[in-house]
Amino acid sequence: MTSIYNFKKITPVPTGTDFLDIILSKTQRKTPTVIHANFAISRIRNFYMRKVKFTQENFDERLKGILDEFPKLDDIHPFYADLMNVLYDKDHYKLALGQMNTARHLIDQVGKDYVRLLKFGDSLYRCKQLKKAALGRMATIMRRQKDSLAYLEQVRQHLARLPSIDPNTRTLLVCGYPNVGKSSFMNKITRADVDVQPYAFTTKSLFVGHMDYKYLRWQVIDTPGILDHPLENRNTIEMQSITALAHLRCAVLYFVDLSERCGYSIKEQIALFHSIKPLFANKPVLLVVNKIDAMKIEDISTEDRALLDSIVENDKVELLGMSCYTDEGVMNVKQSACDRLLQSRVDAKMKGHKINDILNKIHLTQPVPRDDNPRLPHIPTAAEQKPKYDPKDPHRVMLERDLEAAEGGAGVFNVDLKKKYMLENPEWKYDVIPEIWEGKNVADFIDSDIQEQLDELEREEERLEAEGFYQSEEEEMNSEDEALEATADAITEHTRLTRITARLKTTKNRPMLPKTAIKRNVSDMSDHLEKMGLDSTEARARSRGVKRARSVSRGESIARTASMARQSCADQDAQALVLEQAWQRQDRLAVKELHAVVENEGRRKKRFWK
Ligand SMILES: Nc1nc2c(ncn2[C@@H]2O[C@H](COP(=O)(O)OP(=O)(O)OP(=O)(O)O)[C@@H](O)[C@H]2O)c(=O)[nH]1
Ligand SMILES: [Mg+2]
């Protein structure tokens, strides 16, 4: 059974000095360490700012971790909240966590302030001093928290050892005066192992044990003994029992020791019952009289008997006797408690709202008798008379398992199948079955009408042959068809090969050639065109035109540089030349472009000289 609160997984809280060591060494390890006065000041500032920020973030992260992991008293089940209040003092606990929170904010502020100051640091020395001051102030804040840290670590260790009590499950709670035998009962019915000693207050905290009843899991809580005095005078040990009684929905087993060997009189024990009775409200209560081996209920004085009876009558409590020594009545107490708790849980659920939703889904079918014939259960007489199997009885019916054990166990023993053969004469069971008998194969005679079946098959065969069933229907292929088939094969083969070569060509990982490396000149193109029977003069003229135009645009980019002025004369010459050539070719488009370029150029140059 898992607790809903995982108090066992809280990370250990380091002591004050350890906390500082962890954070500062982390800063040392995780931030750069080499800086030089000759470096640019912005670099020096960044170097120290990073250190301050990193340290502050680490403090923040660690402190936030503590704040998040420790349970918040307002968020957890009231049982745990009260138990923590009893054990660690709610105010102290909240104060410690509050101080952690304050320290976190103060450190954040220090970090922010010093990062701001570092922005104005004008030398390596000054920046270093600022960083030192920032880390020093953070350390001072943290050093002041050493008591809170130590306290929180103690709380963590104790929380981890708390029993995992599930406040919402079926629970039996054992309570009563000290030394009355509560832990003895707990050890009897659960798998727990609680210390049992003949003196009071052996059990000093809550213990939880688990058991099964009616295929359900139950938790049994053993509580420390309670004395009968006002609530204010109760110590931490007793208060744990009171907390459990107050907050857990459970069946209460109030233990009394009528023999008074526990050291407390019957009157005191009954008085305690009455004083803690308000805590039993809405819970099934059982008054368990323990140690009946030492003193029976009937043997007590009439005065004490009257006290017991008054409880039973007035408070609707069940009185049960038992003894952990003789085991008398222990199971009875367990079963009664479980049954009463189950009943009360069912009653509580029946009163709730949810029950209607569930009841709507349940349909109970009642079979209607089809006639008046009585159909009583029937056990065959043979089954009834069969002796009951008893492994200790030497005359018992031997099972296969017994035989196996007797004859060498599993792996050695072989199951005897022949023993179950059903034959005319049971004596034949173990006879050897021959394969050849009087010169004939026994297998031939297993199928008695085999000859007739064979004859039948042969007759059918003859009939089929006569009908021409097996005559070949294949026609001879003529030479034309053969040629067609050969061509089809050749085509298929060719397609297959083409597909393979194409696939080889388009392999993804082939080395890519840059476009510039693939040299294709105009003469290649014209050759190719002419080979195809086309006229290439026009294409050649066009390609030349484009080339010239590009060279101008390259000039354009050169002119953009700072050496524009120096280049301009040469460019102008080149432009003039190109223009002339273009005019000659009557390439109007190119001329238009060139005009635009030249104009642009002129404008830019003007701007440049300005
Ligand atoms: N004669 C007799 N003695 C018993 C019986 N059950 C428990 N005892 C003895 O009573 C003493 C106290 O038993 P515990 O089980 O430790 O009692 P407790 O109520 O858990 O005591 P605290 O933990 O101190 O509150 C032990 O010496 C047991 O041996 C019983 O049925 N008969
Ligand atoms: Mg005990």
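Predicted model: local features only at pLDDT ≥ 70, side-chain atom pairs only at ≥ 80, totals over all residues.
Me: Which residue forms a salt bridge with Arg-340?

Reply: The general idea first: side chains of opposite charge can pair when their charged atoms come close. Here the partner is Glu-318, with the closest N and O atoms 3.5 Å apart. This pair links distant parts of the chain, as Glu-318 sits in strand S6 and Arg-340 in helix H11, 22 residues apart. Glu-318 is also partly exposed, at 27% relative accessible area.

Me: How many salt bridges does the structure hold?

Reply: There are 22. One of them joins the side chains of Asp-339 and Lys-214, at 3.4 Å from N to O. Asp-339 belongs to helix H11 and Lys-214 to the loop between strands S2 and S3, so this pair ties together parts that lie 125 residues apart in sequence.

Me: Are Lys-291 and Asp-257 buried or exposed?

Reply: Both are buried. Their side chains meet in a salt bridge of 3.1 Å, N to O.

Me: Now the ligand, please. Which residues come nearest to ligand 1?

Reply: Of the 23 residues around ligand 1, the nearest are Ser-183, Ser-184, Thr-202, Thr-203 and Cys-324. An N or O atom in the Ser-183 side chain is 2.7 Å from an oxygen atom of the ligand. The protein covers 94% of the 640 Å² of accessible area that ligand 1 has on its own. Helix H7 gives the most to this shell, with 3 residues.

Notes:
Residues numbered from 1 in each chain as written. Chains lettered and ligands numbered in written order. Heavy atoms only, no water. Near = heavy atom within 4 Å. Polar contact = N/O pair within 3.5 Å; in protein donor to acceptor, adjacent residues only side chain to side chain. Areas by Shrake-Rupley, 256 points an atom, 1.4 Å probe, with all protein chains shown as cover. Helix = DSSP H or I, 4+ residues; strand = E, 2+ residues; numbered from the N terminus. Salt bridge = Lys/Arg side-chain N within 4 Å of Asp/Glu carboxyl O. Buried < 20%, exposed > 50% of the residue type's maximum accessible area, 1.4 Å probe, protein only.
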